[in-house]
Structure formats: structure tokens, C-alpha cells
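I opened the model to look up a few local features. My entries follow in the order in which I took them.

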Amino acid sequence: MKVENKALSPLLTVKNLKMHFPVRGGVFRRLRAKVFAVDDVSFSVPHGKTLGLVGESGCGKTTVGRCILKLYKPTAGKVVFNDRNVLSLQHEALRESRKDMQIIFQDPFESLNARHTIQEILEEPFIIHKIGNKNQRVARVRELLDRVGLPRNSLMRFPHEFSGGQRQRIGIARAIALHPKLIICDEPVSALDVSIQSQVLNLMLELQETLGLTYLFIAHDLAVVKHISDRIAVMYLGKIVEMSDADSIYEKPFHPYTRALISAIPIPDPFRKADKIVLRGDVPSPINPPPGCHFHTRCPYALDRCRVEPPGLKDAPGTSGEQHLVACIRAGEI
Amino acid sequence: MQTIIMVINPLTIKKFKRFKSIKRGFYSFLVILTMILASFFAELLVNNRAIAVRYDGKLFFPTYGHMLPGKTFGLSYDYETNYRQLKQKFDAEENGNWVLLPLIPYDPFENDLPEDLYPPHPPSLERQHYLGTDTSGRDIAARLIYGFRIAILFSLGLLGVTYVVGVSIGSAMGYWGGKFDLFFQRIIEIWSNVPLIYIIIIISSIVVPSFWWLIAIMALFGWMGMTWTMRTITYKEKTRDYVLSARALGASNFRIIFRHILPNTVSIIVTFIPFSVSGGITALTALDYLGFGLPPPTPSWGELLQQGWANLDAYWIVGAVILAMTITLITVTFVGEAVREAFDPKMHTIYE
């Protein structure tokens, strides 16, 4: 792996990504409204690093992941992967690029075809990209099973015969089959028991080290992200509200939303008094996002300015060079 | 084929076990399966040719193959042997020759017109017309069994054609969606409003509808039902994560549809099959009853029903057809219910 050579330019850069889903209705499917699922999101992930993307359900984090893989066609923006704009790729080039980018899904019950055996599931990447003959493929599949810690006799079994954690391992094995550079992890442990979560996370960390993988780790749980990420971006209603190195975001969060999320992490200490920040109200609909700062409807510190003026993602007070970005006009004062 | 060793999904085995455990449906399935298989070998059960003849130390099996003239068996004529008479002759002679006749020794096209009697004849064990004869002296049991064979083949043929067309168009609508879907939705809505019975009346006034003609016409106006179901299932399946992961791996549309989506819709398609079969049988019977179905003298339940209706005093005609229809439709419906219950996805889903 010649990771070092390219260390300067990031593996993945997302620039001003927008994904507006049309809401259609009536006999002729006229455009009724738009869902602003992802609205102007930019970030980059260097080689071999992990970016954690956090936010509550419906904030657009999954959509970001799927846009990068071109599973959805974004409305606007650029996704530069390995110095190539992924979104302009067509047919064969797109198919080739799929080798380098993979995805692990949240729900291991949904992401494996219930009608295929484990062998068929894990062989599929090789068949699609016409790699090897039957025997070579089976050998590769066996190798993959070893790598993710599944017994070799799993080959002829079906997904429903495995536990959630084992299925997620199958999903991981499928994702690493073609030796991708980037893996989008779409809440890979959210559906698992807490005891299994750490096993799967450790497996992912181990694979990252041995295979030189780069992760975009999507989660709604800050505690999980903390464990695995180098850098963390917090999303709210289609926008990134704060982005920083993993440690500094926990030590010194600027955005009131980030603070609320961090205060929600359970602390395993029965004597410690919980002083959680409880947000009032619900997330506004992404069909009709509020003007100004999207968060002002629930923000305890909101001013009149917040209701009209959209805050850009800027260097947080006391930082520079895009080390710690925050989208709040009162970032320093509160 | 991807795998050389075919592995049956344990879930499928479970479904079959469930099906087997639903007694009413399972026994109905055995009954209807026996009826279908028996009707495929109807020549051995219902025929005016003997199953086996032993004559002068030689064995003959006249059921399949060319007709054997009477002279073969030492009779005076050159046309096909009348095995019923031959049996009587051999039985009387008692010289080691014998004739094994089928259970019902009549052909469905054969008019059995004994002297001094006008058809229809009531059921008679002695003459081996167990269900009597129709107004032309043809054996009703024979016509029922051959009619059943035609009806079931018609039904399965129609099912095959409509499902292939319906599943293809339906899954394409669901998979590609958008304008393609919109276009076909409107086409189907318009097409569904074409009055089928008038079309068939018009066509059968121009050509005499043959078996395949009828299937073609019925399929032409009957493929729409399946499209709605397939469209909906495909819409649902294509957004599921396993399809997305196949796309993320770079699978082609062809591969996604045939390797991923269709196999996952099979269990739903299967539940429709028994109901389509009974629908096909009913449709053919109705058309034959109205006289727009298969041309006479094809053995047909609809035609028998019509005769029975015209001769209600010959109660055995109407009685036999209604009994046969009731048994067939009830068993098929029971099978359908059992299949639906055994394949119910809610029974096999684990909610966490």
C-alpha cells in the first residue's frame, strides 16, 4: 500500500453536496415539494483515516453516504475520490470505481439476500467483476471468512441461520472482498447488541490497519463514533453544524446541538448527577426547513439574528486552518 | 448456474413443512395432483381401445400407437377393432384369449346408441356408463375426464403466458419507475377496460378458436392482473439494502432483477398460482357454456353444462358436471389457501 505517497491530497473530498428529493403527486406526478435531505455539505477524508458523521435520524447522514457511492444521484455538488469526480463517471468507469468504494449497511437482516447462501453472497463481488474462476473464487471466499472470524463451514448456510453480529461480519466480508480503499459504514453497529458492538468495531479497526482502509463512519451515537473516528462531523437537518478532530469535539464542543448530543452519552457512574441538556421540540421537516440557522427552533441560545441569517461553517473561536469548524454565530459567547 | 451443489433454503423447507401441516390444503393438493396426473394418462383409464389383448399367445397393447384392424384378432373387418365386442367374443370362447378393457371402455367422441333407446341414457353399471350418457350418447364420465385434461392444460398454459408477460412488465415498471411506469399504468388501465367477452365473440365469429388461439386471446387481455402485484413488490424490494449493496458492488440491472429481486418475489407469485388455475378453469367452462370456447366435439365441461341446462330432466348430466366442478374448484381453492398461509411472510419474519 502506497498510502504515504498520497497522504497530502485526501482520498475523498465532498464539495457542496446537495441532495433534494422531489415529492411528486397527482396523475402526472407534478413536483409538489422538495425534501432538502442534504443541503450543501463539504468535507474530506484523508487516506487511512476515519471520519465520523453523526446526527439524529433523518438528518441526511445516510443520504450523504449513498450519494458518495452514487446509489443516489445528487442534485448538485462534487464527490472527488482518488482525484476523480465520481459523479461524472458512467457505465464501465463507474463499475470499475465500485471496486474502490464499498458500503456496510445498518441492518444485517436487510442487507443480505435471504435467498442466497453465504458463498453466493461473498462470491458475488468476484463474479460481477469477473475475477478468477470458480475454484479461485471459493478460495477467496474462504479467506474472507477467516479474515472476519467466521467458521469455514458457513459457506452453504443462509443468512437467517446466523446471529446479528455474525451477519454484520458477512456484510463486512462482502465489503472488503474487492480490497476497496474507502468503506462507507452506514451505522454498522446500531442494530447490534452492545456486547457485540465492540467486537464488530474492533474487527473494523483491525481491518483498517491491515488493509489500509479509509472509513466514513455514519452513526447516531457519539459514544460509538468516539471509539473509531479521527475526525467527527455533526449533522443537523441536512447541514454540517460542527466538524473537528475527535478529541477536541468532545473536550470543547461549540455548537449547542453538539453539546446536547454529548451530554446524552450515558456515563457509567451511578453517583454522578446527570445534567443532560434536553432539547425541546422536534426536528423540523426537511421539506420546509426553517430560515436562518436550521437549529434556531430548538436552540436555547437563539437570537433574532439566528432566525434570518444562515450561519456559515467557520473556524471556531481560538482555532484556525479549518481544524475546528462550527456553524453558529454565537459560537464564542455561549 | 452459480452453485453446482444446489442447496435448498431451509426457509423453503420450512414453508413446505408448514404447507404439509395444513391438512385440508395438503390433502386437497394430493387429490388435485392425482386428478391431474390421472387425466394425463386418461387413455389408460377411459378408452374404447383395450389396455392389453392376448390373442393366440401374443400380447397386444393397443392404447397408444396405430389402430389395429379387426383382422388382427381374427375378425372379419378391416376397420378398428371393437374391443368391447372382442372381449365378449373371447369371454364366450374361453380358449385362453383375453381382453383387458379400461375402467370406462368408451371414447369421449364415441356415440353409444343401442337400438330402441334414445339418448341421453341414465347411469348404468351394466353398460359401464357410470355417469350416464349425454344427448348424443357419449359417455359423460369420459367427457368429464378428457374435458378436465383440456381445462387444466388450458389453465396452466394461460397461467404460464400471463405470468411471463405480467411478471416481466410488472417488474420492469417497478424497477425503472418514472415515465416508463407511468406510461404502462395508463396503458393497463385502458387495456383493462376492453370488454373481453365481446372481443372473443367477435374473434370467434371470424375464426374457429383453437386451443392456442383461446390462450392467446385470453392472455392478451388477462396479463394485467399480475403486473400490479409485481410492480408493487419490485418497488418494495428494489429499495431494500440487499439490492443497494448489489448495486454498490456494480451489479448490472439484469443481474439485480434476475438474481436478487425475482427470487425474492417467487413466494408471492406462488401464492397466486392456485387461484389463477381455478380462474382459468372457470373461464374456459364459461366460454364453452356460451358456445364461444373450443369448437365441438371437443370434450368440455361448459358444453356438458349447457346440455344439462337444456335437458334438466336428464339430471345426471347437470349433476355430474356440477359435482366435478365443485370438487375441482374447492380442492384448488383449499390448496390456494394453504399455500397462502404457508408462505405468509409474517410467519417467518423476526422482528427485533
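I looked up the bridge partner of A:Cys185 in strand 8 of chain A and found A:Phe217. The model is predicted, and I read each entry below with that in mind. The chain gets from strand 7 of chain A to strand 8 of chain A by way of helix 6 (residues 194–211) of chain A, and this β-α-β crossover is right-handed. Strand 8 of chain A covers residues 214–219; it runs parallel to strand 7 of chain A, and five bridges join the two.

Next I checked the pairing with strand 6 (residues 101–104) of chain A. Strand 6 and strand 7 of chain A also pair in the parallel sense, here over four bridges. A:Gln102 stands opposite A:Ile183 of strand 7.

I then asked how many residues of strand 7 (residues 182–186) of chain A are buried. The count is five of five, so the strand is mostly covered, with buried meaning under 20% relative accessible area. In a regular strand, side chains alternate between the two faces of the sheet.

Helix 1 (residues 61–68) of chain A was my next stop. Helix 1 is mostly covered, with seven of its eight residues buried. Among the buried ones I listed A:Lys61, A:Arg66 and A:Cys67. Just after the helix, I found A:Lys70 with a positive phi of about 60°.

I moved to chain B and looked up B:Ala141. It sits in helix 5 (residues 140–176) of chain B. Is B:Ala141 buried or exposed? Its relative accessibility is 6%, and because the cut-off for buried is under 20%, B:Ala141 counts as buried. Leaving out residues up to four places away in sequence, B:Ala141 touches B:Ile104 and B:Leu131.

Rolling a probe the size of a water molecule over the atoms shows where empty space is left. Over the whole structure, I got four cavities of 30 Å³ or more. The largest cavity holds about 90 Å³ of space. Its lining has 14 residues, and those nearest its centre are A:Cys293, A:Cys299, A:Cys306, A:Cys328 and A:Ile329. By class I recorded ten nonpolar, two polar and two charged residues in that lining.

Note on methods
Residues are numbered from 1 along each chain as its sequence is written. Chains are lettered from A and ligands numbered from 1 in the order in which they are written. This is a predicted model: local features need pLDDT of at least 70, side-chain atom pairs count only at pLDDT 80 or more; totals for chains, interfaces and linings use all residues. Side-chain values use heavy atoms; hydrogens and water are left out. Buried means under 20% relative accessible area, exposed over 50%, partly exposed in between (1.4 Å probe, protein chains only). Two strands pair if DSSP finds at least two bridges between them. A crossover is right-handed if, with the strands pointing away from the viewer, the path from the first strand over the helix to the second runs clockwise. On a 1 Å grid over the protein atoms alone, a cavity is a set of points where a 1.4 Å probe fits but cannot get out, and a pocket is an open set with protein on both sides within 12 Å along at least five of seven lines; lining residues have an atom within 4 Å of a point. Grid points are joined across faces, edges and corners, and a volume is the space filled by probe spheres set on the points. Ala, Val, Leu, Ile, Met, Phe, Trp, Tyr, Cys and Pro count as nonpolar, Asp, Glu, Lys and Arg as charged, and the others, Gly among them, as polar. Contact means heavy atoms within 4.5 Å.
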